[in-house]
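Hello,

Here is the structure we talked about passing on. Please open it beside this message, and then read the notes below.

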Amino acid sequence: MDGIINEIISKNKKGDLESLKNYLEKNQSSLKNNVGHISNAITALEPREHSMGICYLLYTKAVHQPDQSFVSNVELFFDSYNASQIRDRCADKFATIVHKYTEMLRNVKQPARGIVRLQKIINTFCERSSELSPVHPDFVLLCLLSKNYKVATVALERTIYDIDPKKLGVTPKDFMMYYYYGAMIWIGLKDWDRAYNFLVTCITIPCTALSAIVVEAYKKFVIVSLITQGKLDGPPKQSSNFLQRNIKKFCNEYIEFANAFKAKDQQKMTQILQQHKDTFESDKNTGIINQASKKFIHQAVQRLTSTYLTLSLSDIATNVGLTNAKEAEEILLLMIEEGDLNATINQKDGMVSFIDGTQTSVMDVIEEEMDNARHIVQQLEKMDDDIQVSRDYVHKQLLRDPSTREEIEEGRGFKGKGGKMLSRAAELFQ
């Protein structure tokens, strides 16, 4: 091990990183045989100066002996590593270290511990915000496990279009996991449109076999489609032919639920939920299925507004399939609060009056247009003021009518807006 450490220091001094990489690749078996001494050996190296050498050492430990010291060794390395030594040379080994670090934090139930470090690594490892690295999915996963959803959005809101496996060591699995975990973050924040888009991206990766990630993503895609689109039209058109032909057999319970939802068959939906309760729970999708069921009820209430002007809470409960008038009232109040329904409830007689939403929207549009008009008027007045006191404008006025000079000079004594403008114009001639 001493010989390896000396070689790392020597080749680093010469700046011969390619030669060092070749040396370390050839000595993988020697590193494996000395894995128990790696923690002590690392102390002789400087993380920033010897980043590539330390990366190979920690990679060996991650693969063969990720003991209790591994996490602390990795954190010291992350705090001051040199990304330029890792990119293009040993990014795949760096990715293995990050994945093992994340796995160990997850196992000891300390996901929040790694969030700040991985967020920093994303910013230093990637040269552009549009790049996807193998660190991205681990960062989002730690945010998900620790319920720090908002923190994850810092990365998720960036548009990704640079994917370079050689430079950053990113793999198709990293790509799928990033968009799958990202979708779960957006689901946690109830940002259904973004969740839908992330799931579409995850399941449309070209494939000749269905991975467990794609299957789980598709199950969530089915339910989120009901929430955002009100129905499921099948796999996205851009998904692979293999997925379109084979996905149904892995998600049959979810597709049955979606078909009942589309058919507005609440009784069938309830039957499917009871029949496949264990499956939905083991998949940990009960929460979003409840959200879809809530969406179904809301849509049923909204359909009533196109038929009735007034309706009792009891009748609403009967039409929508609710238990009683009290439950109907709770749902209506929630819909009104969320802006999904325009209605008033008479507490005395239990009658609900639906308000035509177009009336409110028209008034909103009119008010918005009036605000825009007021803003334009203010801008025009400012432009008029600026023009009247500009040197070019005043000069042209003097050429056209020399008597204007007297008005401008007398403007020093004027009061009010006009006096101020003339006074400012007079200053141009001082």
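Contact, as used here, means heavy atoms within 4.5 Å. Among contacts in the protein chain between residues at least 6 apart in sequence, 65% join residues at least 24 apart.

Two words on the ground rules. This is a predicted model, in which local features need pLDDT of at least 70 and side-chain atom pairs count only at pLDDT 80 or more, while totals for chains, interfaces and linings use all residues. Residues are numbered from 1 along each chain as its sequence is written, and side-chain values use heavy atoms, with hydrogens and water left out.

Overall make-up

The protein chain has 26 helices and 3 strands. Both are DSSP runs, numbered from the N terminus: helices are H or I with at least four residues, strands are E with at least two. Of the 430 residues in the protein chain, 44% are buried. Buried means under 20% relative accessible area, exposed means over 50%, and partly exposed lies in between (1.4 Å probe, protein chains only).

Salt bridges

A salt bridge is a side-chain nitrogen of Lys or Arg within 4 Å of a carboxyl oxygen of Asp or Glu. The count by this rule is 18.

Start with Lys 93 and Glu 25. Their side chains form a salt bridge at 3.2 Å, N to O. This pair links distant parts of the chain, with Lys 93 in helix α8 (residues 91–107) and Glu 25 in helix α2 (residues 17–26), 68 residues apart. Lys 93 counts as buried because its relative accessibility is 8%. Glu 25 has 33%, so it is partly exposed.

Next, Arg 113 and Glu 75. Their side chains meet in a salt bridge at 2.8 Å, N to O. Again the pair links distant parts of the chain: Arg 113 sits in the loop between α8 and α9 (115–125), Glu 75 in helix α6 (residues 68–80), 38 residues apart. Arg 113 is partly exposed at 39% relative accessibility. Glu 75 is buried, at 7% relative accessible area.

Asp 233 and Lys 231 also form a salt bridge, with their closest N and O atoms 3.8 Å apart. Asp 233 is exposed, at 60% relative accessibility. Lys 231 is partly exposed, at 35%.

There is also a network of salt bridges. It links Arg 87, Glu 127, Arg 128, Glu 131, Asp 162 and Lys 167.

Helix pairs

Axes here are lines fitted to C-alpha atoms, for helices over the stretch in contact, and angles run from 0 to 180 degrees between N-to-C directions. Angles under 35 degrees count as roughly parallel, over 145 as roughly antiparallel, 65 to 115 as roughly perpendicular, and the rest as oblique.

Take α5 (residues 51–64) and α8. Their axes come within 9 Å and cross at roughly 50 degrees. The angle therefore makes α5 oblique to α8. From α5, the contact uses Cys 55, Tyr 56, Leu 58, Tyr 59, Ala 62 and Val 63; from α8, Lys 93, Phe 94, Thr 96, Ile 97 and Lys 100. By class, these residues divide into 8 nonpolar, 1 polar and 2 charged. Ala, Val, Leu, Ile, Met, Phe, Trp, Tyr, Cys and Pro count as nonpolar, Asp, Glu, Lys and Arg as charged, and the others, Gly among them, as polar.

Now α15 (residues 212–229) and α20 (residues 286–305). Their axes come within 9 Å and cross at roughly 25 degrees. So α15 is roughly parallel to α20. Lys 220, Ile 223, Leu 226 and Ile 227 in α15 meet Ile 288, Ile 289, Gln 291, Ala 292 and Lys 295 in α20. This contact of α15 with α20 has 6 nonpolar, 1 polar and 2 charged residues.

Single residues

Thr 153 lies in helix α11 (residues 149–156). At 10% relative accessibility, Thr 153 is buried. Leaving aside neighbours within four places in sequence, Thr 153 is in contact with Ile 185, Trp 186 and Leu 189.

Most residues other than glycine have a negative phi. Asp 88 has a positive phi, near 70 degrees. Asp 88 lies in the loop between α7 (83–86) and α8, and is partly exposed at 42% relative accessibility. Lys 190 also has a positive phi, near 60 degrees. Lys 190 is in the loop between α13 (172–188) and α14 (192–203), and is partly exposed at 49%.

Best wishes
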